[in-house]
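This briefing is meant to be read with the sequence and the model side by side.

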Amino acid sequence: MNFKIITLPETQTEICLHREFTENGEEIVRITTFVINSAGTELMLERVAKFSNIESAKCFLQDYSETSANAFLSQCLEEDEILVR
């Protein structure tokens with residue numbers, strides 16, 4: 001599995017996960033979403049998780065759930081001090 005999208009039912013926000021390699025050959029998973037802030041501007045939120053091997057990254061992607069997606073979104077909004085509509 002290289003790609004996964006989770007849609008949060010209460011807001012219809014889509015959280016996208018994509019497994020890839022860095023230029024240095026590191027295994028990573030990009031976690032990305034778009035939100036509209038209180039000023040009406042669309043913002044992209046992204047975090048990168050690094051893994052020591054391909055199997056760990058695949059397991060992370062496979063096990064990522066709606067609960068994980070909600071936690072990711074809440075954490076990003078809090079860390080970046082973003083107010084959404």
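Two residues are in contact when heavy atoms of theirs lie within 4.5 Å. With contact understood in that way, residues 24 or more positions apart account for 46% of the contacts in the protein that have a separation of 6 or more. The model is a predicted one, and its mean pLDDT is 93, with 99% of the residues reaching 70 or more.

**Overall fold and confidence**

- The secondary structure consists of two helices and four strands, and these elements follow one another from the N terminus in the order β-β-β-β-α-α.
- Taken along the principal axes, the box filled by the C-alpha atoms is roughly 40 × 25 × 15 Å.
- Of the 85 residues of the protein, 32% count as buried, while the accessible surface comes to about 5,500 Å², with 49% of that area belonging to carbon and sulfur atoms.

**The nonpolar core**

- In soluble globular proteins, nonpolar side chains tend to be buried together.
- Here the largest nonpolar core has 19 residues, and those with the most contacts inside this core are I15, L17, V29, I31, L45 and Y64.
- Two or more residues of this core come from each of β1 (3–8), β2 (13–21), β3 (27–36), β4 (42–51), α1 (54–63) and α2 (66–79), and the element that gives the most is α2, with five residues.
- Once its neighbours within four places in sequence are set aside, L17 is in contact with N2, F3, K4, V29, R30, I31, F60, L61 and Y64; among these partners, V29, I31 and Y64 are also listed with L17 as having the most contacts inside the core.

**Aromatic rings**

- A pair of aromatic rings is described by the distance of the centres and the angle of the planes.
- The structure holds two aromatic pairs, and in one of them the rings of F51 and F60 have centres 5.2 Å apart and planes at 50°, so the pair is tilted.
- Ring pairs link F51, F60 and Y64 into a cluster.
- F60 is partly exposed, because its relative accessible area of 27% falls between the 20% limit for buried residues and the 50% limit for exposed ones.

**E27 in strand β3**

- E27 lies in strand β3 and is buried, because its relative accessible area of 4% is under the 20% limit.
- The side chain of E27 is joined to that of R19 by a polar contact of 2.5 Å.
- Leaving out residues up to four places away in sequence, E27 touches R19, E20, F21, A49, K50, F51, N53, I54 and A57; one of these, F51, belongs to the aromatic cluster with F60 and Y64.

- Residues L45 and R47 are touched by D80 when residues up to four places away in sequence are not counted, and L45 is one of the residues with the most contacts inside the largest nonpolar core.
- The C-alpha atoms of D80 and E46 are separated by 11 Å, although the two residues are 34 residues apart along the chain.

Technical notes:
Residues numbered from 1 in each chain as written. Predicted model: local features only at pLDDT ≥ 70, side-chain atom pairs only at ≥ 80, totals over all residues. Heavy atoms only, no water. Core = buried A, V, L, I, M, F, W, Y, C linked by side-chain atoms within 4.5 Å. Buried < 20%, exposed > 50% of the residue type's maximum accessible area, 1.4 Å probe, protein only. pLDDT = per-residue confidence, 0-100. Phe/Tyr/Trp six-rings, centres within 6.5 Å; stacked < 30°, edge-to-face > 60°. Areas by Shrake-Rupley, 256 points an atom, 1.4 Å probe, with all protein chains shown as cover. Polar contact = N/O pair within 3.5 Å; in protein donor to acceptor, adjacent residues only side chain to side chain.
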